[in-house]
Amino acid sequence: MKNAPVFLFGLLAALTISWAGIVLGSHAQLGALAPYFDDGDQQSYPFRQSGIAARGQLVYAELGCASCHTQQVRRPGYGSDQARGWGDRQSVARDYIHQIVPQLGGLRLGPDLANLAARKPNAPAAEDLMKLLYLGSPTHPAYRFLFQERQISGQRSLKALPLAGRDAPAANYEIVPTEQAQSLVSYLLSLNHAFVYPEARPAPKETKAGAPAHAAPKETPVPAAAPDEKKKTEGAKK
Amino acid sequence: MIIAPTNAVSAEVSPVDVHARGALLLLLASSLGWLVLSGILALIAAIQLHSPAFLQDLPWLTHGRAEALRETAFIYGWAANAGLGIGLWLVGRLGGNLLRALNWTVTGTVFWNLGVLAGLVGIALGDMTSLPMLQLPRYVQPLLVVAYAAIALSGVLAWSGRRVDSTYASQWYVVAALFLFPWLLTAGQMVMLWAPMRGTLQAIAAAWYAQGIWSFWLAPLALAGAYYIVPKVTGRLLPSYEFAPLAFWVLLMAGGWTAGRALVGGPVPAWISTVAIVAGMLVLFHHMVLGLNLRVVLGGTGNALSFIRFGLAAYILSGVLNAIVSFRVVAERLHFTFAGSALDQLAYQGAISTLFFGSIYYMLPRLTGRTWSSGALIVGHRVLFIAGVVGAVVSLTVAGWLQGGYLLDGKTPVADILGNIRGPLLIATASQLVMLAANLLLVVNFFQSVCPCRTADASSPGPFRQPSAVEATAT
């Protein structure tokens with residue numbers, strides 16, 4: 001370590017090798033992932049994000065929602081994601097290829113949202129999400145600054161929140177979501193990991209070795225489940 | 001800020017110290033400002049965890065933003081400034097020549113801090129990147145690379161222009177941190193912000209970057225101080241020192257590969273977390289040698305050494321725990337829970353902050369030629385801070401363990417879990433408060449000690465109990 005050029009070169013090599021291995025290595029493996037074209041459906045998955053959903057993802061990112069919510073479903077049998085209805089298959093890299101800033105997150109203080117629009121038993125409605133954002137809950141802060149209280153001029157806005165009782169605004173006033181809130185909710189309702197890619201199917205070996213305690217492997221009719229889930233996908237898009 | 005030494009302490013205060021005093025005090029003073037700010041933000045973020053409605057009407061302090069602000073103020077404010085101040089001082093002393101290019105250091109420090117400030121404002125206004133450990137908006141990042149290079153220049157020159165040909169462990173660690181961080185930051189922001197990679201590859205790069213902050217930058221800076229101060233204060237040679245180069249290279253070579261621990265079970269190639277398990281085990285060799293080398297710390301006394309002792313214990317413990325939680329069996333329960341926050345507290349507060357405190361307590365009297373203004377404040381800082389760290393780590397571990405159990409059973413609704421772990425989270429908040437109070441004691445003591453208004457106390461026996469005899473053992 002006396003020779004400066006050699007020492008500095010060694011340091012740089014240490015950094016570069018780990019960068020090349022982890023970052024470039026995974027890039028070589030996944031960087032060219034393309035959408036999967038399903039012959040039966042005659043369309044590609046995942047869907048491209050709509051403009052408003054893409055904007056909503058930026059709102060999600062800059063509010064820091066990822067500090068309490070993850071967006072990565074674990075595989076059946078690893079954790080309880082399936083039992084909680086968060087998803088019947090694990091999230092795979094292909095799910096995220098259209099996302100500008102994937103929000104994997106690291107802490108599950110709230111539920112996982114990767115598959116919110118196809119959650120079981122039922123996905124939340126836009127109205128519920130709006131109300132949660134406006135009113136908060138004992139475990140969720142309220143984001144009132146994403147809403148606007150304004151006087152009703154003429155007809156009540158179609159977007160106004162249906163609030164009653166204590167939460168309702170003064171007479172002749174209404175609470176309308178700002179553009180931020182609308183795009184955030186559109187984004188949340190666009191999150192759908194229902195389509196089962198080939199790489200997301202459980203490996204056959206795991207199927208045999210799967211612990212009997214988990215409701216999964218043998219019986220899971222993966223291809224059969226797909227069409228019925230796809231309907232939800234389309235429903236959620238509207 | 002030029003302060004004339006008030007005591008004839010030539011054996012301890014070298015011309016290197018006198019020459020670098022202004023620049024290094026600027027770094028230390030800035031670091032302490034950020035330390036307090038990040039402590040306040042940590043308190044806010046901790047309260048929001050058990051009382052989500054806290055400050056919910058302030059858009060710039062949503063929990064996510066408070067958390068990002070805290071992390072940024074801590075890493076890029078406190079740890080960067082303090083680590084650079086300590087690192088430059090170490091290579092200056094060990095190099096034996098006056099530090100060169102200090103005007104670059106001062107300019108760099110000013111711009112670095114302005115950059116961090118602008119970044120924090122950006123985060124508060126909604127420009128955070130949402131990448132862990134790299135929340136700073138991308139528009140300040142090029143500035144930070146340049147400012148860092150300007151600060152670090154003086155350290156690299158001090159090392160390459162050193163008087164003695166042989167080098168010491170502290171020098172390797174400092175030079176590694178000074179030299180590698182700009183590369184790390186550049187490589188990180190390139191693939192995540194300027195030419196973002198596709199989909200989850202961003203998360204992989206973010207995990208690598210976050211691990212790099214530890215392995216290539218902050219851990220080396222913290223260890224450099226320990227390697228310098230422990231033999232100086234104890235007056236003993238380091239046992240098994242011949243293994244120190246191996247420990248150094250293992251940390252650098254294998255450290256970055258442990259990044260995949262953050263992605264276990266996620267939508268990334270499985271080999272990433274498998275490699276992380278292997279690398280985590282390899283890095284344990286580094287921790288083992290560190291323990292062997294620095295075990296003489298157990299025999300010493302003094303303020304600096306008490307901090308360093310705790311810091312090294314936390315450092316080694318965090319290495320072991322990180323290796324354990326990277327296993328998939330353990331991660332099934334503990335991943336996505338507060339156990340991760342507990343490990344962060346252990347690593348960044350327990351190890352990095354504490355080791356930096358130890359170095360600062362040793363360094364400041366030598367830099368100014370005067371004692372710390374209050375010994376009681378030092379003891380208060382130590383007791384409170386260590387209590388705070390232990391409280392935070394233990395309570396968050398308990399919270400994480402319980403949370404992991406509830407998440408795993410699949411029946412407890414997610415909304416109920418928070419209520420069930422409220423107790424430990426309240427203790428974690430109290431611990432943040434204690435740490436903040438402790439750090440305020442340090443700030444008061446620091447500014448009292450460096451204040452030019454302080455008059456010389458003729459009756460005091462001089463700032464250094466240990467005579468210059470121990471000086472010889474360091475190199």
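Analyst: Start with chain B, which has 14 helices and zero strands. Helices (H or I, at least four residues) and strands (E, at least two) are DSSP runs, numbered from the N terminus. This is a predicted model, where local features need pLDDT of at least 70, side-chain atom pairs count only at pLDDT 80 or more, and totals for chains, interfaces and linings use all residues. Residues are numbered from 1 along each chain as written, chains are lettered from A and ligands numbered from 1 in the order written, and side-chain values use heavy atoms, without hydrogens and water.

User: What makes chain B as compact as a globular protein of that length?

Analyst: The globule rule is 2.2 Å times the number of residues to the power 0.38, and the radius of gyration is taken over C-alpha atoms. For 475 residues the rule gives 23 Å; chain B has 22 Å, close to that, so it is as compact as a globular protein of that length. Its C-alpha trace spans about 70 × 45 × 40 Å along the principal axes.

User: What share of the residues in chain B is buried?

Analyst: Buried means under 20% relative accessible area, with exposed over 50% and partly exposed in between (1.4 Å probe, protein chains only). In chain B, 64% of the 475 residues are buried. For chain A, 48% of 238 residues count as buried.

User: How many helices and strands does chain A have?

Analyst: Chain A has six helices and four strands. Along the sequence they run α-β-β-α-α-β-β-α-α-α.

User: Which residues have the most contacts inside the largest nonpolar core?

Analyst: A nonpolar core is a set of buried Ala, Val, Leu, Ile, Met, Phe, Trp, Tyr and Cys residues joined through side-chain atoms within 4.5 Å. The largest one has 166 residues, and Trp78(B), Trp208(B), Tyr209(B) and Ile213(B) have the most contacts inside it. Helix α6 (residues 201-234) of chain B gives the largest share, 25 residues. A second, separate core of 25 residues includes Val59(A), Ala66(A), Leu189(A) and Leu191(A).

User: What is Tyr209(B) in contact with, leaving aside neighbours within four places in sequence?

Analyst: Contact means heavy atoms within 4.5 Å. By that test, the partners of Tyr209(B) beyond those neighbours include Tyr76(B), Met133(B), Phe181(B) and Met192(B).

User: How much of the contacts in chain B comes from residues 24 or more positions apart?

Analyst: Among contacts with a separation of 6 or more, such residues account for 84% in chain B. In chain A, 71% of contacts between residues at least 6 apart join residues at least 24 apart.
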